[in-house]
Amino acid sequence: MKTEKVTQGYLRFISENPRFLLYGFLLTFFSCFGQTYYISIFSSEIRSIFSLSHGDYGLIYAIATVGSATTLVWVGKFIDKIDLRNYTIFVLIGLSIACLLFSFVSSVILLTSSLFLLRLFGQGLMMHTSVTSMGRYFEETRGKAVSLVSFGNPLGQGMLVSLAIFLLAYLDWKTIWVASSIATIIIIAPIILILLGNHPVRKRQTISNNSTKTNTVSSWTRKEVLRDIRFYLILPLMLAPSYITTGFFFHMSHLVDTKGWDLNIFTQTFYMYVVSSLLTALITGNVTDKFGAKKILPLSLIPQCVAMLILVVTNHPIAQIFYMFTSGMTVGIRVTIGGAIWPEIYGVNNLGGIRALATFFMVLSTAIAPVSMGYLIDAGVTMELIALGCFIYMTFSSIAAWFGVRIKNNSHT
């Protein structure tokens, strides 16, 4: 009965907001072009072209990602000021250019530049635009909105990764990136413009509704957030899935080799990751709307803790399924909570700037992951020991977040 109510609630919500939810979904889906798990499919080709070690390629990737994260802090805040339609088209054009540039890499400088643009416009701004929009224009149903659009990420991960691997058997890897560029600007951008056709009406309605409410969370500025202790207690937990998932996916070829697994079979288990992400996001969205993100946050890393323990204790092929399933659960929870926790604590007026700040640290963690794990691998540290270290980190960050969400809403100027 409860399951029926949850399903009906989501179906009703989708029927009332189909265009705006599809808009957010498509942004998260095609953010995959700039996500680590998609780029990592072509890592062997890239390292072979430039004769790079795991650590060297990880360092280049880190430099590009840190640069994109730093830029995101500045570019991300303009979503609070610029019309959403214009902002979204700017992001899509940037992603198209990034994909095209990546297909022409002929030097380390060009490689770094193209990775910088892919990380900025793909992983950074596509996700930032989607989740910020859902957080701003939905309040009582914010959890449902974020969970639904977050489907795009695991679905893109499962579908686009499999498609890319399939196409690599018939096409040059550069051709795949040219096709990605063309699809972004010729197919995706026009669809996005159509979906946002009634956005001015939604914007006016949201402003009108907020002006009549007396129980809304007062809006903090980004400077005030930086002075708030809760931000720093919660942040380590929010960064854990980004660092761990990125690190292990970036080095998945090495993980598969050391475990004695088959890469093709391992990539097929992405579907387990997708399924668990989707189901968990649905459940989390409904629970978040009912109880609030702050109550769920400290428990959100439990599935990924299990995933790390699986890598520590076994090499059995069946472990691939359980690893992907539990990793996907945390991602499903994390994306939903990540879209709801900041507006729940700090309000929505400056949400773009605040999320850009949080995303900066998130992207920074994804930059550190490949290079830090890469050099650990080069130094002979086992994947099992790395997984154990991640487990310990997640345990302490969960405790810190538990204290953080219990601190009362401090006054701000």
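A: A crossing counts as right-handed if the near helix is turned clockwise from the far one by less than a right angle, and as left-handed if anticlockwise. With that in hand, let's follow α19, a helix of residues 319-346 (helices are DSSP runs of H or I with at least four residues, numbered from the N terminus). Please keep in mind that this is a predicted model, where local features need pLDDT of at least 70, side-chain atom pairs count only at pLDDT 80 or more, and totals for chains, interfaces and linings use all residues. Residues are numbered from 1 along each chain as its sequence is written, and side-chain values use heavy atoms, leaving out hydrogens and water.

Let's start with α8, residues 142-149, whose axis comes within 8 Å of that of α19 and crosses it at roughly 145° (axes are lines fitted to C-alpha atoms over the stretch in contact, with angles from 0 to 180 degrees between N-to-C directions). This crossing is right-handed. On the α8 side, Arg142, Gly143, Val146 and Ser147 make the contact (heavy atoms within 4.5 Å), and they meet Val335, Thr336, Gly339, Ala340, Pro343 and Glu344 of α19. Sorted by class, that gives four nonpolar, four polar and two charged residues (Ala, Val, Leu, Ile, Met, Phe, Trp, Tyr, Cys and Pro are nonpolar, Asp, Glu, Lys and Arg charged, and the others, Gly among them, polar).

Now for α16, residues 270-291: its axis comes within 7 Å of the α19 axis, and the two cross at roughly 35°. Here too α16 passes α19 in a right-handed crossing. From α16 the contact takes Phe270, Met272, Tyr273, Ser276, Ser277, Thr280, Ala281, Thr284, Gly285 and Thr288. From α19 come Ile321, Met324, Phe325, Ser327, Gly328, Met329, Val331, Gly332, Ile333, Thr336, Ile337 and Ala340. This contact has 12 nonpolar and 10 polar residues, with no charged ones.
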